[in-house]
Amino acid sequence: MATIRIPPVLRAAVGGEKELSASGSSVGEILRSVAEAHPDTQSQLFSADGGLNRYVNVYLNDEDVRVLDGLDTNVGEGDTLVILPAMAGGAHPAS
Amino acid sequence: MSPSGAEVLRNIKSRIDEVDPAAVREQVGNGAVIVDVREPEEWGAGHIPGAIHVPKSYLESRIEGAVPDREKHVVLYCASGNRSAWAARTLIEDLGYEHVESMTGGFTLWKDRGYEVETPRTLTAEQRERYSRHLLLPEVGPDGQQKLLDAKVLLLGAGGLGSPAALYLAAAGVGTLGIVDNDQVDLSNLQRQVIHSSERIGVPKVDSAEQTITALNPDVKVEKYPVRLGAENIVEIIKGYDVIVDGLDNFPTRYLLNDASVRLGIPVVSAAILGFEGQLSVFKPYDGPCYRCLFPVPPPAELAPSCGANGVLGVLPGTMGLLQATEVIKLILGEGDPLIGRLLMYDALAATATEVKVRRDPDCPICSRHPEEISDEELGVFPDYEAFCAGAH
C-alpha cells in the first residue's frame, strides 16, 4: 500500500482525510483507485483524455512523476505520493 | 650593542622580496593574495581593491584563517613599506609562507601613482550596536550587514505574509523596502497582519506599515506603492529591486509577476497559505525553475480558493512570511542553500515539513526563452482567466 497525501483543496472530496492509502503498482493505478473510491476527485485529478490535469503536480516521494514515467511510474510498498495543486493564498494587494 | 630599529629593518628588507606597486597592480585578481597589514582606521580610510585586511598586530593569529595555503603568493602592504616588511619576515621565517613579497612605498605610493582605491563604507557607532548580533556571525559580519543596508526588497502586499516579512527585514537592516498594497487596514486583518495596529483601522496599509517600520529602524527607507499591481505598471514598479517577496492571493497576478520577474532577472521568494498549510519556494530566473515550470497553467476557479475568502490560522502567515524573510536575507548575503528548485510544504497541525523537487521545464513558455524575447503583451497572459477568476469573487 502506498500513502497518498491529499492537499487542502481536495480534502472535501475525500471526506476530509489528509492521507489515504491505496493499492496499485503504478501512479496511474493508485490515483484511479482514489478516484473510484472518491468520485469527486476524478475531474480534479484527471483531464477528459485520462491524463493528469496540468495544474496538478504529483510527486513520488520528492520527485515529480512527469520527470519519471508519468502515470506509468512504478510505485513500491511504503512510497508516498504527494498531490500538489497550485495555491495562492496570501495578502490581498490586488483585491 | 644592539642594532638600531633602522638597521634591523634594513637587514630585514635585504632578506625579503620587495615589489613595486606597478607589479602589484597587475597581480590584483591574478592569483596573488594582497594583504593590507595596517590598522583598522587606515584600512577604513581606503585600501587597494580586492585586498584583504589582517592588521599587523593580529598577523600571527589571523593570517592562517585568511590565507590557509602556505604556498600561495602573498603580497603585503602597509602605509610606506616598513610594517609590511616586518610582517613579511614573520610570515616567511616564523610561519613558513613560501612566496611572500612586501610592496615598496606602501599605500602612500600606490595612491600617489593614481591607482584605484576602494573606500569601504563603515557602519556608524549606532549601527554597530543595532546590528551587533549580526556582526558576530561570520556569515553576516560588517560586509554582509552593508549588503543588507544596500539591498532593495519589494514586498507585494503588507498583509498576512508581508507583515512579518517586512518587520524582520526592517529589523535586519534591509535598506530599502518597497511595499505594494492598495488596501486599508481592517479589523479582521489584525488577527495576523502584525505590522498594523488597532489605532490604524482605515489607514492605507502602505502608510501604516511605513509608520511601524520607521519606528523600528530609521535606517530603512520605505517606498510606497498604493496601487493594484497590473500589466500596465508591474515592470515600472519591480525594476531596480534585488529580491521580491510574493504573498499574492491570486493566480493572474502571480503569473504576471513571474513573467515580469523572469524578464528582469529578479528572484522571487514566493509563499502561499491556506488553512493550516503553507508552501514556499524561491524562483531565481535562469538559475532554477520559474513559477510556470512548477504550475504551467492555473487551476480552475473551484480549485483556486484564492478567488474567495478562506480561513487561515493567524500564526501561519507569520511562520511562512518569516521563512520568506530568511530566504531573502540568504539571497542578499549569498549564504546557505536557497530554496531554489525545491518546494517546501509546511503543515502546522501535523508540525511537519515536506520538500519536493521542482525542475526547470525545457519547454517553459517563459523561462526557456531569452529575457529580451518576452514581450510586454505576453506578461501574465492567460486567455479569459482574469475575467473568470474575477467572476468568482
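Student: What share of the contacts in chain B with a separation of 6 or more comes from residues 24 or more positions apart?

Tutor: In this predicted model, such residues account for 69% of those contacts.

Student: What makes chain B more spread out than a compact globule?

Tutor: The globule rule gives 21 Å for 393 residues, and the radius of gyration of chain B is 27 Å, well over that value, so chain B counts as more spread out. Along the principal axes, its C-alpha atoms fill a box of roughly 95 × 50 × 40 Å. Chain B has 16 helices and 13 strands, and 42% of its residues count as buried.

Student: Why is α10(B) called roughly parallel to α11(B)?

Tutor: Helix α10 (residues 162-172) of chain B packs against helix α11 (residues 205-216) of chain B at an angle of about 30 degrees, and their axes are 9 Å apart. Angles under 35 degrees count as roughly parallel, so the pair is given that name. The crossing of α10(B) past α11(B) is right-handed.

Student: Which residues make this contact, and how do they divide by class?

Tutor: α10(B) contributes Ala166(B), Leu167(B), Ala170(B) and Ala171(B), while α11(B) contributes Ala209(B), Ile213(B) and Leu216(B). They divide into 7 nonpolar, no polar and no charged.

Student: How many residues does each chain give to the contact between chain A and chain B?

Tutor: Chain A gives 23 residues and chain B gives 43 residues. On the side of chain A that touches chain B, α1 (8-11), β4 (63-64) and β5 (80-85) of chain A each give two or more residues; β5(A) gives the most, with 3 residues. By class, that side has 14 nonpolar, 5 polar and 4 charged residues.

Methods: Residues are numbered from 1 along each chain as its sequence is written. Chains are lettered from A and ligands numbered from 1 in the order in which they are written. This is a predicted model: local features need pLDDT of at least 70, side-chain atom pairs count only at pLDDT 80 or more; totals for chains, interfaces and linings use all residues. Two residues are in contact if their C-beta atoms, placed from the backbone, lie within 7 Å. Helices (H or I, at least four residues) and strands (E, at least two) are DSSP runs, numbered from the N terminus. Ala, Val, Leu, Ile, Met, Phe, Trp, Tyr, Cys and Pro count as nonpolar, Asp, Glu, Lys and Arg as charged, and the others, Gly among them, as polar. The radius of gyration is taken over C-alpha atoms; the globule rule is 2.2 Å times the number of residues to the power 0.38. A residue is buried if 20 or more other C-beta atoms lie within 10 Å of its own, exposed if 12 or fewer, and partly exposed in between; C-beta atoms are placed from the backbone. Axes are lines fitted to C-alpha atoms, for helices over the stretch in contact, and angles run from 0 to 180 degrees between N-to-C directions. Angles under 35 degrees count as roughly parallel, over 145 as roughly antiparallel, 65 to 115 as roughly perpendicular and the rest as oblique. A crossing is left-handed if the near helix is turned anticlockwise from the far one by less than a right angle, and right-handed if clockwise.
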